[in-house]
Amino acid sequence: MAFTNELALRCDGLHRYLGQDDARVHVLKGVSFEARRGEVYAIVGPSGCGKSTLLYLLGLLDRPDGGEIEINGQMMSTSDDIARTDARCEHIGFVFQFHFLMLEFSALDNVMMPMRKLGRLSQQEMVERAHYLLSSVGLGEKTHRLGTQLSGGEQQRVAVARALANQPSIILADEPTGNLDVKNSGLVFDLLTRLAKENGQAVVLVTHNPEIAARCDFTRPMRDGLFV
Amino acid sequence: MLMSLSCTVLGVGLFVLTQATTRGFEEFFIKTILGTDGAMRVEDKIQDTLRQMTAGGGSDFQISQRQGLKYIEGIEEPKLIINALKDFSNVSGAAPVLRGSVLVRADFKNESAQVFGIHLEDQLKVSDLGRQIVQGDIATFREQPAGALMGRVLADRLQLSTGSSFILEAQGQRLRYSVSAIYETGVADIDKMRVYVHMSEARSLLKKPSGVSFVQVNLFEKDRAPQNAMQIQEVLKHSAKPWQEREKSWLSTFRALRISSAITVSVFTLIAGLAMFNTLAMIVLEKTKDIAILRSMGYERRDITQIFLWQAGIVLTIGAILGCIVGALSTLGVSHMPLPISGIFKTETFVVSWNGWHYVEAITTAALMVMIASLIPARRAARLEPGDIVRGTAQ
């Protein structure tokens, strides 16, 4: 792929505090990280070590208290909400642990939502792409089912298709298989990595699952707010 | 959401209904008094009184000071005044009236009353007298030189009906008349006091060979009466009283009623607004996860605000449409409710006003309330940080 090995994501010296007053905790203590296109990264570590916090900072869902974040060479750590939102729309796809589908909408609608916001495709093109992505994750026959009519594994596959909708350069996944059985875990992980590699996307996933971590290109263990 | 919708429907519907009923009575009252006494009366002559001081020694220097206005009762040259009135573009008709106090003597009893000498054809142009006949025929009055039109209350008191004769006594003379027809305006003070006779008869009875008491004027645009009255007074030097000034006390009463009902209705629309606020605030709480998803996909704060405002807009649109239908149907139902009223006007059923502006006002009020109420939760939803939501849900 033309994008292979291009630096998609970089952070340097990230600090993040959570809580207030006496409950204030220094969660990230100067974390630095890089992710390149076409590579799959696993961030592992015990609960509370700061994995998810780091992922939300990298995904521009949260603001760091110190340090820098670059997305495709653009400094985002100090940018305003609109620039961060635009960057999320264009460059980042998320997969959350609990699927986070809009359950009142069909699988097709869920996958089309990011495309609608980006506004690059016509309605017909969006429908076609959503069908293609849902077929890629094995749900070509269930495109019109509501979120509530899909199983947990199917919902997570829809979430993967949705994350890929705008062809982002970065896929961030927070425990994407954490809520699935072994069979579905493998299925979702394979899908995520295969499609990401095909499209030259950097995949950063947070996981507790050592088998999943072992299958990634890079594994970065964390402890007490730092990579070890 | 159903609660918000119900409150919006109720608010709009009640707004329309109360406006229709309060405005209905007011408009009916105005129609009655305009149909009875006209839009304006031109009466007493105005005479400017000036105090002057002239310098002595053959100088032209003098100081004039306006002292006030002096009124000379009645109109001496009604034809001149009527001709002049016809030059005013808004004047649709003018009729001279000679008025005087009389004693009505009937076989059964006597009653004090007021005789109104009229030229019938002129009077019909400035009043609804022809339509107010409840017994007999206006044509009979036209043909009978000694005929009279008597108010229904007065006729009942004197136990007179069409064809009955009675005597009018004034200025020491008694003349016999026949009841040509009985009219009913619905205004008790008029129906128990007025007897219309031909102008020539009134002149004989009241011993007034020339001049009239006032000229009753009708206008094309009734609401312009105050401005027209000022102009007429200035030009013709006769006092001119518009209907708004003449019926000031009743109009003030109706205005107070309208304000009172507007306050009541505002409470309903306020409740609709509060229901909308509560509903949307609850939705924001329930949908924080969805807000986080949308924000993570790149939806901006204003997109989130718009989603909630759209929801409110949909409720408002459906509520406004249903509310207008409910308002129109309930107005129709109320208009058929029996409610006999006489005194200031006469009606047998509830009087309502069908006016499109009531619906516009109701929708505007509901839109204001609902949009203000939905703006706060919508903005709150937009302010939510996606990271905070995801962290709260995920951990």
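Here is a short walk through the structure, stop by stop.

Before you start clicking, note that this is a predicted model, with local features needing pLDDT of at least 70, side-chain atom pairs counting only at pLDDT 80 or more, and totals for chains, interfaces and linings using all residues. Residues are numbered from 1 along each chain as its sequence is written, chains are lettered from A and ligands numbered from 1 in the order in which they are written, and side-chain values use heavy atoms, with hydrogens and water left out.

**Chain B, the overview**

Color chain B by secondary structure and you get 14 helices and 13 strands. These are DSSP runs numbered from the N terminus, with helices being H or I of at least four residues and strands E of at least two. Of the 395 residues in chain B, 48% count as buried; buried means under 20% relative accessible area, exposed over 50%, and partly exposed in between, using a 1.4 Å probe and protein chains only. Among the chain B contacts with a separation of 6 or more, 75% join residues 24 or more positions apart, where contact means heavy atoms within 4.5 Å.

**The α12/α13 pair**

Now select 301-335 and 356-383 in chain B, which are helices α12 and α13. Their axes come within 8 Å and cross at roughly 155 degrees. Axes here are lines fitted to C-alpha atoms, for helices over the stretch in contact, and angles run from 0 to 180 degrees between N-to-C directions. So α12(B) is roughly antiparallel to α13(B), a label for angles over 145 degrees.

While you're on α12(B), pick Ile314(B). This residue is partly exposed, at 46% relative accessible area.

**Helix α7 and strand β8**

Next, go to 199-206 in chain B, helix α7, where Met199(B), Ala202(B), Arg203(B), Leu205(B) and Leu206(B) are buried. Their cover includes strands β3 (91-105), β4 (110-118), β7 (165-170), β8 (173-183) and β9 (194-198) of chain B. Step just past the helix to Lys207(B), which has a positive phi of about 55 degrees.

Then hop to Ser178(B) in strand β8. Is Ser178(B) buried or exposed? It is buried, with a relative accessible area of 17%. Leaving out residues up to four places away in sequence, Ser178(B) touches Gln144(B), Phe166(B) and Gly163(B), among others.

**Over to chain A**

Select Asn72(A), in the loop between β4 (66-71) and β5 (74-75). Asn72(A) isn't a glycine, yet its phi is positive, about 50 degrees. The residue is partly exposed, at 27%. Gln167(A) also has a positive phi, near 50 degrees; look for it in the loop between α5 (152-163) and β7 (170-174) of chain A.

Last, show two cysteines: Cys49(A) is buried at 1% relative accessible area, and Cys216(A) is buried at 9%. Disulfides over all chains come to zero, counting a pair of cysteine sulfur atoms within 2.5 Å as one.

Notes: Angles under 35 degrees count as roughly parallel, over 145 as roughly antiparallel, 65 to 115 as roughly perpendicular and the rest as oblique.
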